[in-house]
Amino acid sequence: MVLTDTHTHLYSEAFDDDRSEVIANAMSKGIRRFFLPAIDSSYTEAMFDLKEKYPDNIFLMMGLHPTHVKGNYKDELAHVAQMLNEHVFVAVGEIGIDLYWDKSFFAQQREAFKFQIQLAKQHGLPIVIHCREAFDQIFEVLEEEKGPGLYGIFHCFTGTVEQARRAISYNMKLGIGGVVTFKNGKIDTFLKEIDLKHLVLETDAPYLAPVPYRGKRNESAYLINVLAKLSIIYGVDEAEIATITTQNSKDIFKI
């Protein structure tokens, strides 16, 4: 059984003391494919270092995270564009709009989101979307950019069944992680209405650890807890869900 963590920040400072052990532990659980979203230029070198160490298991994205859209965002976007021209990446992400922490840069976040979608189209790459308290704003941009060149993953999906269907209509897979195990996560109440062909698995490590680790540092190894919950929701064997969701990740990332 091969599992794919489509969203894990293994280069994060949270893993500085035991990164090799964390990766080895995940691999021992069958997680062999790790997709790393970018945050900003300060992490680029650490991402490249990890890719060099695990060339067959780690795959990199490039992008500017919406919470890191600040006064220097144009310089950061120039870095994203330069990196996409000079190196191989499997996606543009994570990108999007986050209105939970700070609304003062909304206009710049929207501009950065559109710009990076257009970069993804130019390079023939999928996008990986970060959305927090911004479904309407995200969908507005996707409506403007929709078409055959727009596809990817709606990371850490936490919306309603209607929002799930709308996201899928824009050629997005839904990234399902630890939230599906939360008592108040809500997506577990309707997820069975969404075909497994639309889902990929993720952890968002070191964030959003699933039950029974909620509130602690998340790890890619905990993807098996997400898998177990989905097996219960769908009434499908874990190995089958692993096969389907890994194939879905291959369809998106082309690797």
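**Figure 1. Helix α4 lies across strands β4 and β5 in this predicted model.** The helix runs at about 160° to β4. β4 and β5 run parallel and are joined by six bridges.

**Figure 2. The eight-stranded open sheet.** Its strand order is β1-β2-β3-β4-β5-β6-β7-β8, and the pairing is parallel. β1 (3-5) and β8 (199-201) are the edge strands, each pairing on one side only. On average, and with direction ignored, neighbouring strands of this sheet are turned by 30° against each other. Strands of a sheet pair through backbone hydrogen bonds, either parallel or antiparallel.

**Figure 3. Helix α3 packs with helix α4.** α3 covers residues 73-86 and α4 covers residues 106-123. Their axes are 11 Å apart and meet at an angle of about 10°. Angles under 35 degrees count as roughly parallel, so α3 is roughly parallel to α4. From α3, the contact uses Y73, K74, L77, V80, A81, L84 and N85. From α4, it uses Q108, E111, A112, F115, Q116, L119 and H123. By class, this contact has eight nonpolar, four polar and two charged residues.

**Figure 4. The largest pocket.** This pocket holds about 760 Å³ of space. It is lined by 29 residues. D98, H130, R132, D204 and L208 are the closest of them to the pocket centre. Strands β4 (91-98) and β5 (127-132) each supply at least two lining residues. β5 gives the most, with three residues. The lining divides into 11 nonpolar, 11 polar and seven charged residues.

**Figure 5. The second largest pocket.** About 170 Å³ of space lies here. The lining includes F48, K51, F59 and L60. H87, V88, F89 and V90 also line this pocket, as do F253, K254 and I255. Helix α2 (44-53) and strand β3 (58-62) are the elements that give two or more residues to the lining. By class, the lining has eight nonpolar residues, one polar residue and two charged residues.

Conventions
Residues numbered from 1 in each chain as written. Predicted model: local features only at pLDDT ≥ 70, side-chain atom pairs only at ≥ 80, totals over all residues. Heavy atoms only, no water. Axes fitted to C-alpha atoms, helices over the stretch in contact; angles between N-to-C directions. Helix = DSSP H or I, 4+ residues; strand = E, 2+ residues; numbered from the N terminus. Parallel < 35°, antiparallel > 145°, perpendicular 65-115°, else oblique. Contact = heavy atoms within 4.5 Å. Nonpolar A, V, L, I, M, F, W, Y, C, P; charged D, E, K, R; others polar. 1 Å grid on protein atoms, 1.4 Å probe; cavity = no way out; pocket = protein on both sides within 12 Å on 5 of 7 lines; lining within 4 Å. Points joined across faces, edges and corners; volume = space filled by probe spheres on them. Pairing = 2+ DSSP bridges.
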